[in-house]
Each structure stands twice: as C-alpha cells, then as structure tokens.
Amino acid sequence: RAKAGTDQTAFFDTVMGESATQSFRVERDLRHALAHDELCLHLQSLIHPERGTIGAEVLVRWKHPVFGLLYPNAFVPIAEESTLIVELGSWVLTEACALIAVEARAGRELRLSVNISPRQFRQRDFVPRLKTLLAESGAAPRQLTLEITEGLFLHEIDEITARMNELAALGVRFSIDDFGTGYSSLAYLKRLPIHELKIDKSFIQDAPDDPNDAALVETILSVARHLQLDVVAEGVETEEQAAFLSRRASVIHQGYLYDRPEAAERWLERWRQV
Ligand code: C2E
Ligand code: CA
Ligand code: CA
Ligand code: CA
C-alpha cells in the first residue's frame, strides 16, 4: 500500500501539472487503459448486523503499467471532465453485471453497488443501454444498486425522475452516496425512487466523539426510518464507531474495520466460502 501511495504521488507530480496538455495525457492513457484491460474492479463488503455480508461496493482501480495501482481520485475526476467517464462507467457496469450473472449461474445471489457519475447518468441513452446490458448479461436488476449523488438532482429533475422510475420499475435500487454532504433539499427523498442512504465517512468517523456529527447521524437515521430507507454507514474503522452504530437498528456497515477493498476475484473467493 505504501508503494501504491508513492507511485500515486509520482503520478500526480507527472500528470497533474495543471496544464491542459497533462490532463489530455491522462485522458489519452485512460482511453488506452480501457482498450487494453488495465482497469479492474475491487470489492468491499457491505455488512448487515444480523445477516452478515449482504453484498459489496464496486470500486474501480487502474493497473497503470508505470505507476502501479492507481486509486480513483487520481483519474476519475479527470475522466469526469469529458465523456471518458461514460466509457469508464459503462465498463464498470458491464463487469459488475457479468460478476452478478456468473455467480447467479452457480446459484449464488451477489448484490453489487456501483458508483454512477452524474454525467454518466445524464447521458441520453443511459437507461436503454443499462436495460440492454441487464438483459444480455442475465444479471437480475434487483441485485444491482446504483450509487448516485445529490448533485444529480440539480439538473433536469423531471428527466432524471423519469429515468430513475423506469429503472426502479425493473427492480434496480438507488442509493444516495455521500448523503449529508450535499446542499440540496430533502424533498427529493419523497419524490424519487430511493431505497438507501449512504452516510459519508466524514460523519461516521467523528460520531463517537463529536456531538455535532453524532446528532447528524441520528438525524439521518431518523429520516431513513420514517421514509423506510436502508442506511449504509461508510468508513467504519474502529470498534467504537461500530458500537455507536450498533446501538441503532440495522445500519449496514462498510469500512476498514471489516475489510479493505480487494480485487474482485479475491473478494469473491472469500464470499463464496460463507
Ligand atoms: P465513495 O463512493 O465515497 O467510496 C468510498 C471510498 O472510501 C472508497 O475509496 C473506499 O475505498 C474508501 N473507504 C472504504 N472504507 C473506508 C474506511 O474505513 N476508511 C477510509 N478512510 N476510507 C474507506 P476509493 O476506492 O479510493 O474511491 C474513491 C471515490 O472514487 C469513491 O468514493 C467514488 O466516488 C469514486 N469511484 C470509485 N469507483 C468508481 C466508479 O466505478 N465510478 C465512478 N464514477 N466513481 C468511482
Ligand atoms: Ca460510493
Ligand atoms: Ca463517501
Ligand atoms: Ca462519492
């Protein structure tokens, strides 16, 4: 991990020189990476207090030939500046559906949560493409959760609502990622087909000690309870944080306390054993 960190710093120094040329280089390399199998998926467990591991979040990585394993903060923001994020996101969705389908054929129900960039969701053909992907892969829509952010609701809300309804009608679930860090009103929670709120790790990490963060978490839990939404607490690192959450009913946990994101195949090997 330390090595990856060092390489990542080198990567930043090399390509994040702020100039358009540098950003262009990352885009070019990323395009190449997409075409040459340099991206891969890592999975991190989602843990229900009674039911155990109920699925995993899909996190993209780049096996860079020079800089080693790169984390999304080094390339996703650059991809988001262009339609490259659409291709990257589509690759991730395709791989995730393939994993769901392979496990289903072996009689195992794998549930995956996939991060969806606003730009990706706003593409004109996002819904038809996802429908085709689900049909062709054979992945059950109800085993797929799309993690979206509140920022998505700042644009074309009627169109976004229609798309979400269309996918939700198939069984696809929606989770609001980084919940509590945005600045939109909560009214959308009533109008949109949302199944889950994901509390950002910044709140979880300070909740046991900081009364403000604790109050915030309590408020989110109470909103979720009233609207009958699932809640995932992201970034659970310590026993104290887990204990704080365990005093509240059925919050799903995710964090280093349980596992670090790891290569999909390795995560699946562990998961298949339980
Ligand atoms: P996110 O969606 O908020 O994902 C959670 C991040 O927290 C992940 O970082 C995960 O590895 C990290 N994390 C999990 N547990 C802990 C913990 O206990 N402590 C701490 N400190 N961190 C924890 P990662 O994998 O580096 O991903 C960063 C962000 O990149 C994600 O944030 C997400 O916004 C984005 N991302 C990742 N994969 C994709 C993708 O396929 N598509 C898109 N559009 N974005 C992605
Ligand atoms: Ca996420
Ligand atoms: Ca987050
Ligand atoms: Ca996020």
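The calcium ion (ligand 3) is coordinated by D178 (OD), D200 (OD), E234 (OE) and E234 (OE), at 2.2 to 2.8 Å. Donors here are N, O and S atoms within 2.8 Å of the metal (3.2 Å for Na, K and Ca), and water is not among the atoms, so sites may look incomplete. This is a predicted model, in which local features need pLDDT of at least 70 and side-chain atom pairs count only at pLDDT 80 or more, while totals for chains, interfaces and linings use all residues. Residues are numbered from 1 along each chain as its sequence is written, chains are lettered from A and ligands numbered from 1 in the order in which they are written, and side-chain values use heavy atoms, with hydrogens and water left out.

Along the chain, the donors of the calcium ion (ligand 3) follow the spacing D-x21-D-x33-E. Two of these residues link distant parts of the chain: D200 sits in the loop between β7 (196-199) and α9 (201-206), and E234 in the loop between β8 (230-233) and α11 (239-246), 34 residues apart. Helices (H or I, at least four residues) and strands (E, at least two) are DSSP runs, numbered from the N terminus. D200 and E234 are both buried, where buried means under 20% relative accessible area, exposed over 50%, and partly exposed in between (1.4 Å probe, protein chains only).

The calcium ion (ligand 2) lies 5.6 Å from the calcium ion (ligand 3). Its protein donors are E57 (OE), N115 (OD1), E147 (OE) and D177 (OD), at 2.1 to 2.4 Å, and the donor residues have the sequence spacing E-x57-N-x31-E-x29-D. Because E147 belongs to strand β5 (residues 144-148) and D177 to strand β6 (residues 173-179), the pair ties together parts that are 30 residues apart in sequence. E147 and D177 are buried.

Within α7, I160, T161, R163, M164 and L167 are buried. They cover an arc of only 165° around the axis and therefore lie on the same side of α7, the arc being that of the directions from the helix axis to the C-beta atoms. Just after α7, G171 takes a positive phi of about 120°.
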